[in-house]
Amino acid sequence: MEPDITARTILIVEDDTELREALKTALTYEKFNVLVADNGETGLGMALDKHPDLILLDVIMPRMDGLETLKRLREDAWGKKAPVIIMTVLDDLEKIAEVVSAGGDEYVIKSDVTLGTLVGKIKARLKRETELLQKPHK
Amino acid sequence: MSGSGIRALFASLGVCALLVAGALYAITIYPLADEHLREAFYVAVFAVIALVTVVVHQSLRLAMNARSIAKDMTKNMLMYSREFFSELYRGSPVPYVVVDLNGTIESINLAAARFFGVAQQALDGKNVYTFFVEDKNEKTRTVSLIPEYFKRGKYVSDVELELKRPDGAMRWVLFSLFPATDAEGKRKGMLTFVDITKQKQVDKAKTEFVSLASHQLRTPISGMKWNIELLETTGALTETQAAYVVKIKKSAERMDSLVADFLSVSKLDLGTFVPEYAEVTLQSFFQGVVDEYDALATQKSVRIHTDWPADMGTLRTDAHLLQMITSNLLGNAVKYTVDGGDVRFAVSLERDQMTLSITDTGIGIPAADQDMLFSKLFRASNARSLVTDGTGLGLYIVKEAIRILGGTISFTSKEGEGSTFVVTLPRHARR
């Protein structure tokens, strides 16, 4: 059976207003609960407080960048396993390697994906996560 | 008067004196009774004296010539003496280093000492190649080839490389090395360096700026693209509005691809591009490239013909670089072919290499522009008027990508008739 992923909470941590709002609109349209933060520091606080089902994390941000946010998130008991998709415009291997070593397990290059593709990726990830959660109960 | 001239004069005067003395002696000892015989004898003596005089005269002339040649030579020796050449070597603003066949330093001039930041004798006996920095990303291995080249008596001219000075400071140089033979007949070499560190720094700063600017541009472009998408999905647009949206979308996409080009170039120029080798399934890869230009070709009524073996299998290469190469070449072929023309994309596999050939019936490249074709930001004069929004980076990217993969590119073209680009890539990648 297809896992039900409606009404899941997604946190968007992105400093660019236009990208953040577009993504929020698209995800709200898909019936997700959407939380937004415009820098890493606020985003980290919100993640640890609300425990969203998925975090979309930008890399280059003021106050606390995405990599630092991710490192701190992974230090938390809940945050250690929280699903995160890194959103970046940096497509060089070095940067991606850095993201992986900071605990990022999935990334998208914003300029390379359409909003539709990104929403598709988000849904697929939530389904995988739900399946993983359901398995032990079976 | 030179010594040889004087000697010749004295010698001939001596011979004349001996002849006259001999003649007079002969007359006194053997008085000739016959008047006629005596006359004949005098004539003979004078003839001999005349002959000797002519010889002496000629000798003197030759001697005078020899003297003037010697004088010229003395002048040359004064102008271009050993000291003179030493002075040129010592005082030249260009750093010179004299090495033996193995690259061991025998002497350096003042400029070289300044360049290396050492005293003039400090480097004697050290191997000059130990100062060369091997470029990790450089697949052509220029630096490691130099000693071998030089041993074979070949010239190395104007190679860009990085040097590490004894004090650890890094310098970029334009380096040349040419063979010479010393006074003992031993083969030596002279190295010259032109310091291009400053130019390199400026170049790097420029490239880094382009990289930074391009990355920054990507965020607002993504913002545009995503919001256009939202606009399209709301479905509340009139037909006219929807048409405007399509135009905005096209512009955003074009901007995106320009930025992608700038980024590729800055990455290639910074030398930060590290190829990632993996098996690429050729059939689907090339089909994907063709599909990319399908819409544009249809729009222009340009037919793309493909010609490749049924089963090409896989090639171990960097997919991103191969994409840059094929996409740019095929894109150019379609873009610069006037409506209704033909583009042919052929692939053939030999034992050690893969050959790609992309032929079009397009506008061609004017003969005068062909030399510059692969330079950065260059666009052929007829290309500029046909397609206005090109960056002039495509073929530069192609050239650099092929260089990294260790391949070759060549082309033939005639203005107004079309062009053929031929690329070869090794089938067995070094890494």
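## Helix α8 of chain B

The model is predicted: local features need pLDDT of at least 70 and side-chain atom pairs count only at pLDDT 80 or more, while totals for chains, interfaces and linings use all residues. Residues are numbered from 1 along each chain as its sequence is written, and chains are lettered from A and ligands numbered from 1 in the order in which they are written.

Helix α8 spans residues 282-292 of chain B, and its buried residues (20 or more other C-beta atoms within 10 Å) are L282(B), F286(B) and V289(B). These cover an arc of only 55° around the axis, so they lie on the same side of α8(B); the arc is taken over the directions from the helix axis to the C-beta atoms. The buried residues of α8(B) pack against β7 (278-281), β9 (314-317), α10 (319-335) and β10 (342-349) of chain B. Helices (H or I, at least four residues) and strands (E, at least two) are DSSP runs, numbered from the N terminus.

## Open sheet of chain B

In chain B, 6 strands form an open sheet with antiparallel pairing, in the order β2-β1-β6-β5-β4-β3; strands pair if DSSP finds at least two bridges between them. Its edge strands, β2 (105-108) and β3 (132-133) of chain B, each pair on one side only.

Strand β1 (residues 96-100) of chain B is joined to β2(B) by 3 bridges, and the two run antiparallel. I108(B) in β2(B) stands opposite V97(B).

## Contact between chains A and B

The contact takes 15 residues from chain A and 15 residues from chain B, a contact being a pair of residues with C-beta atoms within 7 Å. On the side of chain A that touches chain B, α1 and α5 (115-134) of chain A give two or more residues. The largest share of that side, 5 residues, comes from α1(A).

Helix α1 (residues 17-29) of chain A packs with helix α6 (residues 197-234) of chain B at an angle of about 30°, their axes 8 Å apart. The two helices are therefore roughly parallel (angles under 35 degrees). Among the residues making the contact are L19(A) and A22(A) of α1(A) and W226(B) and L230(B) of α6(B).

## L23(A)

Helix α1 of chain A also contains L23(A), which is buried, with 25 other C-beta atoms within 10 Å. Leaving aside neighbours within four places in sequence, L23(A) is in contact with I12(A) and L56(A). L23(A) and L56(A) are 33 residues apart along the chain, and their C-alpha atoms are separated by 9.9 Å.

Technical notes: Buried ≥ 20, exposed ≤ 12 C-beta atoms within 10 Å, placed from the backbone. Contact = placed C-beta atoms within 7 Å. Axes fitted to C-alpha atoms, helices over the stretch in contact; angles between N-to-C directions. Parallel < 35°, antiparallel > 145°, perpendicular 65-115°, else oblique.
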